[in-house]
Amino acid sequence: MKVGIKLDVRDGEYGKAVFAVERITTGTLIAPFTGPFLTYAQTNADTYALQIGPDLYIGESGGVDDLFNHSCDPNAWVRIQGRSAELVALRDILPGEQVCFDYSTIMDEDDFTMRCLCGSGLCRGLIGDGRMLPPVVWDRYVELGILPEYVKQSRVHGGPSRLRGPSPG
Ligand SMILES: [Zn+2]
């Protein structure tokens, strides 16, 4: 197994961004998310927090894993297994390409929105919770298998389980 993917952090047009140094092939583990666990109540709009469960987040680690930007045409995705999460290549990523994932794939808060300037032809403009994704994007992500269960459940039930009362998990 290949470990220790080389990445380059540079100041981009919209703050720091992470770039591939060498070719990263589909399915490669790019980086684990290593920050502290947080709940929704412990996060706010100004802090970095990666959602990995209905009421579970990973906060800032101080490392490269804090710096992956959003794209509406992502080349990576967040694989969540229990309480661990890691960034994985969704397709081959070429040297010099920015490494990005679609924030909506993991977001299920009911109050998350972000203006997107990713510049992709697929850009949705306003980024929100995963359950709000346009059907064509949703279907593609389901097919790719990159949506976590809590996001799928939220689309079925019309809102985050955090707001629906106690959950078994
Ligand atoms: Zn965009």
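What percentage of the 169 residues in the protein chain is buried? Buried residues account for 33% of the chain, where a residue counts as buried if 20 or more other C-beta atoms lie within 10 Å of its own, as exposed if 12 or fewer do, and as partly exposed in between, with C-beta atoms placed from the backbone. The model is predicted: local features need pLDDT of at least 70 and side-chain atom pairs count only at pLDDT 80 or more, whereas totals for chains, interfaces and linings use all residues. Residues are numbered from 1 along each chain as its sequence is written.

The protein chain contains two helices and 12 strands, arranged along the sequence as β-β-β-β-β-β-β-β-β-β-β-β-α-α. The radius of gyration is 15 Å, close to the 15 Å that the globule rule gives for 169 residues, so the chain is as compact as a globular protein of that length. Helices (H or I, at least four residues) and strands (E, at least two) are DSSP runs numbered from the N terminus; the radius of gyration is taken over C-alpha atoms, and the globule rule is 2.2 Å times the number of residues to the power 0.38. Along the principal axes, the C-alpha atoms fill a box of roughly 45 × 35 × 30 Å. Of the contacts with a separation of 6 or more, 61% are between residues 24 or more positions apart, a contact being a pair of residues whose C-beta atoms, placed from the backbone, lie within 7 Å.

Two strands pair if DSSP finds at least two bridges between them; four bridges link E5 to E6 (residues 56–59) in the antiparallel sense. Glutamine 51 has tyrosine 57 in E6 as its bridge partner.

E8 and E9 (residues 84–89) run antiparallel and are joined by six bridges. The bridge partner of isoleucine 80 is alanine 85 in E9.

Aspartate 110 is located in the loop between strand E10 (100–101) and strand E11 (113–115). Its phi is near 85°, a positive value in a residue other than glycine. Aspartate 110 is partly exposed, with 15 other C-beta atoms within 10 Å.

Note on methods. Two residues are in contact if their C-beta atoms, placed from the backbone, lie within 7 Å.
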